[in-house]
Amino acid sequence: MAAPGSVLRRTAIASSSLLRTRVIPATATAIRTQATHTLLGSRCPVLSSHVPTPRSLSQTRHSSYSAPTPSENGKARKKVTIQTLQNMHKKGEPITMLTAHDFPSAHVADASGMDMVLVGDSLGMVALGMENTTEVIMEEMILHCRSVARATKAAFIIGDLPMGSYEVCAEQAIESSLRLIKEGRVHGVKLEGGQELAPTIKRITQAGVPVVGHVGLTPQRQNALGGFRVQGKTALSATKLLRDALAMQEAGAFMLVLEAMPSEVASIITQKLRIPTIGIGAGNGCSGQVLVQVDMTGNFQPGRFVPKFVKQYADVWDEAARGISLYRDEVKSRAFPSEEYTYPIGKDELAGFQKTVDEVFREA
């Protein structure tokens, strides 16, 4: 047996030789294999001469979970910022906004080129089965915002402050806003109200958080409004909406959502503001539009109430139901899974396994 000192010296010499050798292996696996072979010599055989390349590794995925897909043509879309939105507004280019409540809905919205993604508290109704948005709590908003943020690579993300998270005082509103930014990973927050919230908006923006105001039909206050009713249908109420919008603008909001009001009223408000407006049930005179994704894609059971302002661009429910029904039928008839959807095993290996089955049960 060689003396310990001589073994250490030989190891050091081998290590030094390896470091001086300029080798650029294909993968980290090759580095480990070559290092082991050099240090230990032929006494330690290499288990496999095949070093998988990154390309061959990416072609095989034995998992039931899908990885995020790259953007169209493999090119990343330029990230939308507040400056981007302001430039669009100056040029008169309509701003597109769509709601999303989880990774898949955000992924498709972002991949489809939406300028903005809104994680609205409407998720309480469309994703959590609640009767209205007043039940949504901050922890639920943060969870859904985080999911949306993971999928959204380019669009500007806005998160709703849920009812009860900003009305008590400015300090509460700041804390809630910072939580949505830090924990929810959104880019800005939205809150509902009017002139009474101007001081709160000012404090939030002073804390460095971009704010979107929301006037007109404010769903969080639907109990006080007597339900989901169109606002601004009289000269007096329309004037109040204008005052609310101006107050939010002067407080520092960089954008306003105008919901459920006559298009003429929304157009006048938009023309009088310096900041962009996003309409939902407010006509075509706004700076942009937003819809609830579940509504506009038709991803709901037939017979469900849909607001007048919603245009359905797809029929996701029927298509999904058709596919699921077909899956059910094929499972029942054992048509699925066919051989093309199963993993193979070599004949010799299968024969060996079958031979040992009885032995395993005898041992048991």
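At what angle do helix α8 and helix α9 pack, and how far apart are their axes? The tour reaches that pair after a look at the whole chain.

**Before you start**

This is a predicted model, in which local features need pLDDT of at least 70 and side-chain atom pairs count only at pLDDT 80 or more, while totals for chains, interfaces and linings use all residues. Residues are numbered from 1 along each chain as its sequence is written, and side-chain values use heavy atoms, with hydrogens and water left out.

**The whole protein**

Show everything as a cartoon. The protein has 15 helices and eight strands; helices (H or I, at least four residues) and strands (E, at least two) are DSSP runs, numbered from the N terminus. Of its 364 residues, 37% count as buried, where buried means under 20% relative accessible area, exposed over 50% and partly exposed in between (1.4 Å probe, protein chains only). Contact means heavy atoms within 4.5 Å. Among contacts between residues at least 6 apart in sequence, 57% join residues at least 24 apart.

**The barrel**

Select the eight strands. They close into a barrel in the order β1-β2-β3-β4-β5-β6-β7-β8, with parallel pairing; two strands pair if DSSP finds at least two bridges between them. From one strand to the next, the twist averages 25 degrees.

Now select residues 95-99 and 116-119. These are β1 and β2, which run parallel and are joined by three bridges. Met97 stands opposite Met116 in β2. In a regular strand the side chains alternate between the two faces of the sheet. On β2, Met116 and Leu118 lie on one side and Val117 and Val119 on the other, and all are buried.

Next, select residues 156-160 and 188-192. Three bridges join these parallel strands, β3 and β4, and Ile158 stands opposite Gly188 in β4.

**Helices α8 and α9**

Two packed helices are described by the angle between their axes and the distance between the axes. Select residues 170-182 for α8 and 198-206 for α9: they pack at about 45 degrees, with their axes 9 Å apart. Axes are lines fitted to C-alpha atoms, for helices over the stretch in contact, and angles run from 0 to 180 degrees between N-to-C directions. The two helices are therefore oblique to each other (under 35 degrees counts as roughly parallel, over 145 as roughly antiparallel, 65 to 115 as roughly perpendicular and the rest as oblique).

Show the side chains at the contact. Ala170, Glu171, Ala173, Ile174 and Ser177 come from α8, and Thr200, Arg203 and Ile204 from α9.

**Ser176**

Stay in α8 and select Ser176. Is Ser176 buried or exposed? Its relative accessibility is 8%, so Ser176 counts as buried. Leaving out residues up to four places away in sequence, Ser176 touches Met138, Leu161 and Ser165. Ser165 is eleven residues from Ser176 in sequence and 6.1 Å away in space, C-alpha to C-alpha.

**Phe309**

Last, select Phe309, in the loop between α13 (293-296) and α14 (316-332). Phe309 counts as partly exposed because its relative accessibility is 31%. Beyond its neighbours within four places in sequence, Phe309 is in contact with Ile280, Gly281 and Leu291. Phe309 and Gly281 are 28 residues apart in sequence, and their C-alpha atoms are 4.8 Å apart.
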